Protein chains: 2
Amino acid sequence: MTPEPENAATEKDVDEVAMLAALTDQIEASDFGAAQGLLEDMDARSRSRLLSRLPSELQQLLVTHIAPEQAADFIHEMPEVQARDILEEIDPSQAADILEELPKKEQADFVGELPKESMDAILSEMEAEDASAIRLLATYDDDEAGGIMTVKFFAVAETETVGQVIGRLRDNIEEFSDFDVQYAYVVDVENHLIGVLRLRDLLVSRDEVKIATLMIKDPLFVSTHTKLPELHQIFDAHSFFGIPVVNELNLLVGVLRRGDVEESMSEQFQDDYEKAQGLISEEIRAMPTVTRARRRLSWLSINIVLNIIAASVIAFYQDTLEQVIALAVFLPIISDMSGCSGNQAVAVSMRELSLGLVEPKEVVRVWLKEISVGLINGLALGLLIASVALLWKGNPWLGLVVGVAMMLNTIIAVSLGGTLPLVMRRLNLDPALASGPILTTVTDMCGFFLVLSGASIFLSYLV
Amino acid sequence: MTPEPENAATEKDVDEVAMLAALTDQIEASDFGAAQGLLEDMDARSRSRLLSRLPSELQQLLVTHIAPEQAADFIHEMPEVQARDILEEIDPSQAADILEELPKKEQADFVGELPKESMDAILSEMEAEDASAIRLLATYDDDEAGGIMTVKFFAVAETETVGQVIGRLRDNIEEFSDFDVQYAYVVDVENHLIGVLRLRDLLVSRDEVKIATLMIKDPLFVSTHTKLPELHQIFDAHSFFGIPVVNELNLLVGVLRRGDVEESMSEQFQDDYEKAQGLISEEIRAMPTVTRARRRLSWLSINIVLNIIAASVIAFYQDTLEQVIALAVFLPIISDMSGCSGNQAVAVSMRELSLGLVEPKEVVRVWLKEISVGLINGLALGLLIASVALLWKGNPWLGLVVGVAMMLNTIIAVSLGGTLPLVMRRLNLDPALASGPILTTVTDMCGFFLVLSGASIFLSYLV
């Protein structure tokens, strides 16, 4: 746990390469006991790295030849994308055995992401009751309470006494040991939520006290469809560790824990970051090269087509450009800078959406806020680039053309960048995914058009 | 808490505008009681939005004229960047009163981000013991256990009995009510950690049982300097809700909760996302326009200088370009596409770093993994752009020049994009901040050079 001294690095390096070789040999020789022992002796961090670098056939061999409980631990420590691949590839009954060792919520997370066919095959190997619970959980989105909640909780009746509840806890201590028993949830006979009981209140009460007198009535709750930003705000505003979740019939179906909400927020930000960088599917470098290249290419090929469309504006003004070749220097600058300005506005909108500081419908408010910033920064960037043009070519008209184009295009870029994520959200599209390419294509086209059409108008002053 | 029906949206719209006006009037008329009442009647989500849109002078007036406890709640619900501004602007003794209503960890988070002068002024208004505790907490980084842990925990001695501990819990129920009492931490007389006690084990034990027999010995712990990715992996591998944190002297100084680690991960991803988008300081649109423009401009001005440097390569080859004007169409395409390819590689490295799947020293491994992907995708993009050039101008030499340039530059972009974040991390620089501008400047220069120098060589075949 303590930080490692610097000079241990090389030694560990050699160790990890040697260990990967040893592990590979053991699995290929079907000595799964030795492989399991080797992995169990490592710290979690190295184990996860080592597992992730094992070829996928060997990963599959390993998890299907050790106890499901141990396999579940290993699968849990691997990157999710590899874990899903394994579960999809191995025998469904073995996948079901391994999954059953994980909490329901994580079973649903894994199974929900598999192709329908694999999902059905695995679920058919499980007990009907478990399968239908997982199927239900898998129907909720990742960004709403139903998809984030845990379904393990401790429910009590208001008619019970402290002594009875403590007795029940004592009798089931093993079952409760792996989930957060911070509160008990008080329900009526039909499973409607009627109160919350802090377990520490049990500690300090006499056995004969009725739960009804100890519980907090009318507790805060959320619905299965409450969205992530709102959940995050609720946990920010209250110091609760868990909030009960009810379904459309007001029946208690789960509990949302603070850590689960934070984890989902974290996943969403990571997702947004990766999409903004053009990574639309999870990638780790241990995957096969061709898979990685193909996944990245799907994004690149859309972008190159959009780029060609935008650049065709330049081809249209070829004659002007031929006469004022200096313009060719400014075209990439204006294209890049508009992208920069626009992306900043996108990022502010994404931040405000995730913090709940703006509603998706407030497009006009955002637009008005952006044009004022766009005006100031457009003026600053326009003046700068105009000065560069003037100093370089000594022609004030060239400065005017590129400066004005830069200014106008900055205003266009921030207007579009600020409002696009809101519009996307309203259309139920992913703002992190679509904002970038749409933004840069439009601002590139506008930028090229502004420079070149401006130059065409003032052509006699430029040549 | 339940989702709102669609048709309620317009009504709520009007409400929020009217409420902001009412709140403004109340504060300007010094009717702080009414303002507080109005805010308390709203749901957390609307309140946070309304507070954030209040001009900063009015925010300051409000929090300094209501009870510190209530002010702390409001400050807690505002965006952090506004909350810090308020604490910096108002009277230090009032700021201290408000801060004291928050948990120590959050006090340290707020105070640690203030300019040294404001920090000292506020801390000098607090009790010496509190001030030094906060000062200590503020010395830890946001990405290590010391900066994430909470300092409120329940410590017990191994010599105590269950009855004594429950008695202590009962007597201090109010003090413990706002923190996670899931475990108690067993320490010796010098405050060394020697065990962990699950509080539910207290529930099911007789009063006279000694803590020493009930506690879990040699518990897992982390040091104050253990880094975030490792902490995240530890919580991933174990189902604990909290892990004790010890300092250099092996003394118990805090507890790290699962939710706190997830929250820090979430903040880091949000931070990475925003930096990748060119937002280097927190911005919300309720801030003054000039502040927002200036903050964004700091990033834009660095980028425009880098852009001008890169584009100067084009100026150098002006003669070639003049003779083959069609090249001007391909320059922005190659520049944009290399940026795309490079950013994908940056994103994969950022993901692997944060998941602990790669060590910052494995530059060569990453580079080898990237060139194979770069070769495939470079070939695909190069062939595509070569075909476009061939179809458009009917000149295979033009296709060859732009196709080869695109291919080589894709390989350069992914090599640089994949390895830069690792190199940055080793140099203790922020990979999310610096990778983008360095990457695009270098790949732009290389791209322009490859197209135009290639064209110069084959000039006789191109004109």
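In the predicted model, chain A and chain B bury about 12,000 Å² between them. Carbon and sulfur atoms account for 61% of that area. Chain A contributes 129 residues to the contact, and chain B contributes 129 residues.

Polar and charged pairs also cross this interface. Between chain A and chain B, 38 residue pairs are in polar contact, both partners having pLDDT 80 or more. The interface of the two chains holds 16 salt bridges. A salt bridge links A:Glu362 to B:Arg53. The closest N and O atoms of A:Glu362 and B:Arg53 lie 2.8 Å apart.

On the side of chain A that touches chain B, helix α20 (residues 327–354) of chain A supplies the largest share, 20 residues. By class, this side of chain A has 66 nonpolar residues, 29 polar residues and 34 charged residues.

Backbone geometry was examined next. Most residues other than glycine have a negative phi. A:Asn428 is not a glycine, yet its phi is positive, about 60 degrees. A:Asn428 sits in the loop of chain A between α22 (396–426) and α23 (431–457). With a relative accessible area of 72%, A:Asn428 is exposed, because the cut-off for exposed is over 50%.

Chain B provides a further case. B:Ser30, a residue other than glycine, has a positive phi near 60 degrees. The position of B:Ser30 is in a loop of chain B, between α1 (9–28) and α2 (32–40).

Technical notes:
Residues are numbered from 1 along each chain as its sequence is written. Chains are lettered from A and ligands numbered from 1 in the order in which they are written. This is a predicted model: local features need pLDDT of at least 70, side-chain atom pairs count only at pLDDT 80 or more; totals for chains, interfaces and linings use all residues. Side-chain values use heavy atoms; hydrogens and water are left out. Helices (H or I, at least four residues) and strands (E, at least two) are DSSP runs, numbered from the N terminus. Buried means under 20% relative accessible area, exposed over 50%, partly exposed in between (1.4 Å probe, protein chains only). Contact means heavy atoms within 4.5 Å. Buried area is the accessible area (1.4 Å probe) that two parts lose on being put together, summed over both. A salt bridge is a side-chain nitrogen of Lys or Arg within 4 Å of a carboxyl oxygen of Asp or Glu. A polar contact is a pair of N or O atoms within 3.5 Å; within protein, one must be able to donate a hydrogen and the other to accept it, and residues adjacent in sequence count only if both atoms are side-chain atoms. Ala, Val, Leu, Ile, Met, Phe, Trp, Tyr, Cys and Pro count as nonpolar, Asp, Glu, Lys and Arg as charged, and the others, Gly among them, as polar.
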